[in-house]
Amino acid sequence: GIWTGSGGVGGVVGGGLVAGATVLLGGDPGIGKSTRALHMASGVAAGGGRVLYVCGEESAAQVALRAERLGANKQGIITLSAIDTTSIIATAEKESPTLVIVDSIQAICSPHLESAPGSVSQVRESASELVAAARGFGAATVFVGHVTKEGYLAGPRVLEHLVDTVLYFEGDRNHAYRILRAVKNRFGAANEIGVFEMLAGGLSEVADPSEVFLQIGRAHV
């Protein structure tokens, strides 16, 4: 596996990401998915890997600033501002990354379709092309995806069937704790969780999640 540098993510996906495998990291907008993705990128880069971080919604400069604020290891992280699958695949083939992060899949479009980015058909087609490419060049690929207020990820959950692993980032934005839950994992156990706390410097893994659940339970009594 490709070690992510995070015990929480590594534990949830069975010790790390698998080369050529695809992961969906879903959750509500603003819940911390991009922060977690940058931590994953930093962990892989710190371990000597190369990461291609595709910025579909923010500029490369914005992502670099956020990485700096989080203290991420930027050496080995290549940022690409692109929304078309052709550019993403061409760059990945040229750079030979260990890990590709697409943030977010709703912003990406395939030149083979005329529909707008974010539509169900575009999300399905773009993800399908990137999944096939990832298996070809052997990089683990993480798709960041927003869940709508109706509880859908890019319309119906079309991506869950395309990827190997589905992780959902859950929590109340008004509270400090977040739970990363594996709901599908082709390479290990599902229903594993990691717990994180939102601190000033970003998300920090909680070493003793049972204590958090006890605190939450006491707060609701």
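**Close-up views of a predicted model**

View 1. Along α5, the buried residues are Gln-122, Val-123, Ser-126, Ala-127, Glu-129, Leu-130, Val-131, Ala-133 and Ala-134. The helix runs over residues 120-137, which makes 18 residues. After α5 comes Gly-138, which has a positive phi, near 75°.

**View 2. The chain as a whole.** The chain has 221 residues, and 48% of them are buried. Its secondary structure consists of 6 helices and 9 strands. Among contacts in the chain with a separation of 6 or more, 64% are accounted for by residues 24 or more positions apart. The views that follow show selected parts of this chain.

**View 3. The largest nonpolar core.** The largest nonpolar core contains 27 residues. Within this core, Leu-17, Val-51, Tyr-53, Leu-99, Ile-101 and Val-142 touch the most other members. Two or more residues of this core are supplied by each of β1, α2, β2, α3, β4, β5, β6 (165-170) and β7 (177-185). Helix α2 makes the largest contribution, with 6 residues.

**View 4. The contacts of Tyr-53.** Which residues does Tyr-53 touch, not counting residues up to four places away in sequence? They are Ser-34, Ala-37, Leu-38, Ala-41, Val-63, Ile-77, Ile-78, Thr-79, Leu-80, Ile-101 and Asp-103. One of these, Ile-101, is listed with Tyr-53 among the residues of the largest nonpolar core that touch the most other members.

**View 5. The second largest pocket.** The second largest pocket holds about 180 Å³ of space. Its lining is made of 16 residues, and those nearest the centre of the pocket are Ser-34, Glu-58, Arg-66, Asp-103 and His-146. Four elements are named as giving two or more residues to this lining: α2 (33-46), β2 (51-55), α3 (60-70) and β5 (140-146). By class, the lining of the second largest pocket has 6 nonpolar, 5 polar and 5 charged residues. Two of the residues nearest the centre, Ser-34 and Asp-103, are also touched by Tyr-53.

**View 6. The largest cavity.** The count of cavities of 30 Å³ or more comes to 1. About 40 Å³ of space lies within the largest cavity. Which residues line the largest cavity? The lining consists of Ile-88, Ile-89, Val-100, Val-102, Leu-130, Phe-137 and Thr-141. Elements α4, β4 and α5 each give two or more residues to the lining of the largest cavity. This lining comprises 6 nonpolar residues and 1 polar residue, with no charged residues.

**View 7. Thr-141 in strand β5.** Thr-141 belongs to strand β5 and is one of the residues that line the largest cavity. Is Thr-141 buried or exposed? Its relative accessibility is 3%, and therefore Thr-141 counts as buried, since the cut-off for buried is under 20%. Apart from neighbours within four places in sequence, Thr-141 is in contact with Ala-21, Thr-22, Val-23, Leu-99, Val-100, Val-102 and Ala-134. Of these partners, Val-100 and Val-102 likewise line the largest cavity, and Ala-134 is a buried residue of α5.

**View 8. His-112 in the loop between β4 and α5.** His-112 is placed in the loop that joins β4 and α5. The relative accessibility of His-112 is 60%, so this residue counts as exposed; the cut-off for exposed is over 50%. When neighbours within four places in sequence are left aside, His-112 is in contact with Glu-125 and Glu-129. His-112 and Ser-126 are separated by 14 residues in sequence, and their C-alpha atoms are 9.2 Å apart in space.

View 9. Ser-104 is located in the loop between β4 and α5. Ser-96 lies in another loop, that between α4 and β4. Although Ser-96 is not a glycine, its phi is positive, at about 50°. With a relative accessible area of 52%, Ser-96 is exposed.

Methods. Residues are numbered from 1 along each chain as its sequence is written. This is a predicted model: local features need pLDDT of at least 70, side-chain atom pairs count only at pLDDT 80 or more; totals for chains, interfaces and linings use all residues. Side-chain values use heavy atoms; hydrogens and water are left out. On a 1 Å grid over the protein atoms alone, a cavity is a set of points where a 1.4 Å probe fits but cannot get out, and a pocket is an open set with protein on both sides within 12 Å along at least five of seven lines; lining residues have an atom within 4 Å of a point. Grid points are joined across faces, edges and corners, and a volume is the space filled by probe spheres set on the points. Ala, Val, Leu, Ile, Met, Phe, Trp, Tyr, Cys and Pro count as nonpolar, Asp, Glu, Lys and Arg as charged, and the others, Gly among them, as polar. The expected span of a helix is 1.5 Å times one less than its number of residues. Buried means under 20% relative accessible area, exposed over 50%, partly exposed in between (1.4 Å probe, protein chains only). A nonpolar core is a set of buried Ala, Val, Leu, Ile, Met, Phe, Trp, Tyr and Cys residues joined through side-chain atoms within 4.5 Å. Contact means heavy atoms within 4.5 Å.
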